[in-house]
Amino acid sequence: MTTRPVPDLTCKELVELVTDYLEGRLSADDRTRFELHLTYCDWCRTYVEQMRQVLAAAGELTEASVAPEARDALLAAFRGWKRGGGGGEP
Amino acid sequence: MESPTAPEPPPDVAAADERELQALRAGDESAFLALVNRHHRAMLRVAALYVKSGASAEEVVQEAWLGVLKGLHLFEGRSSLKSWIFRILVNCAKSRGVRDARAVPMSALEDEDGPSVPAERFREGDDRWAGHWTEAPEPWPDARIESGEMAALVREALETLPAGQRTVMTLRDVDGWESPEVCELLGISEGNQRVLLHRARSKVRGYVEKRLAREERR
């Protein structure tokens, strides 16, 4: 057995570092270990790819539109504000 | 209202804000409605961290918009318009939260334990494969990813998250907020924000995986 200067990441460790990796918050060493692991581990590559797919899907979500009652109330407030000359409620 | 710690808006944001402000101050209703449409849902979600009921959150957001209108002529652009609006919101929500006798959202923003992937998915023991997958994560079929079904599953998954995690992930990954904006809004550290985001994303991935696997077997 030779001693390795930097131990390999396990899959179990990698899944806890995915967000730090995607956010660019890993140290240079950890980033290297992370990327090295991905070169030989198909399963973790799948995992990271799925994380990216989740983020892409989240980015496609649009929020439900504003409820009509709330919108009407706000529009009425805006009109009131306008009549007040921009200085708040009359 | 504009705290000295607020990050200065980048020039492109500042320029867009300035155009928007001019339209708002001139009484342009469509500009106001566009602003409401852009932020209202996220405001409701943030308000819900501080107050008890959905009805209270609605009232807080309405109150915040009135505060925005009142302050519109005072806004000086030292922060972005968005972060100014949300700061007003959080102030309204906090005072309402105190009146509702609800503790401030620290509980919602606390970390909770638990691994990102269930421990039984990994090998135990001290052989060379310890900590590696016992069973591979199955790649998701392209057809299902591209169908828009993924987005629907992610939406469902977000609803199952604790409020703090849901808020952070929705602001970051749905609304496209930057990490410093989220930290400033919620008054949490960057590290805490990242932990919440990580827990949220990991759970959402797990939820999607479970749902897709269950349906593939049918």
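These legends go with a few close-up views of a predicted model.

View 1. The order along the sequence is simply α-α-α-α-α-α-α-α-α-α. Of the 218 residues in chain B, 39% are buried. Take the chain B contacts between residues at least 6 apart in sequence, and 70% of them link residues at least 24 apart.

**View 2. Where chain B touches chain A.** Chain B brings 42 residues to this contact and chain A brings 38. On the chain B side, the elements giving two or more residues are α2, α3 (54-71), α7 (149-159), α8 (163-174) and α10 (190-217). Helix α2(B) gives the most, with eight residues. By residue type, the chain B side splits into 23 nonpolar, nine polar and ten charged.

**View 3. Helix α4 of chain A against helix α2 of chain B.** Here residues 68-83 of chain A meet up with residues 29-47 of chain B: the two helix axes come within 11 Å and cross at roughly 140°. An angle over 145 would count as roughly antiparallel, so this pair is oblique instead. The crossing of α4(A) past α2(B) is right-handed.

Conventions:
Residues numbered from 1 in each chain as written. Chains lettered and ligands numbered in written order. Predicted model: local features only at pLDDT ≥ 70, side-chain atom pairs only at ≥ 80, totals over all residues. Helix = DSSP H or I, 4+ residues; strand = E, 2+ residues; numbered from the N terminus. Buried ≥ 20, exposed ≤ 12 C-beta atoms within 10 Å, placed from the backbone. Contact = placed C-beta atoms within 7 Å. Axes fitted to C-alpha atoms, helices over the stretch in contact; angles between N-to-C directions. Parallel < 35°, antiparallel > 145°, perpendicular 65-115°, else oblique. Left-handed = near helix turned anticlockwise from the far one by under 90°. Nonpolar A, V, L, I, M, F, W, Y, C, P; charged D, E, K, R; others polar.
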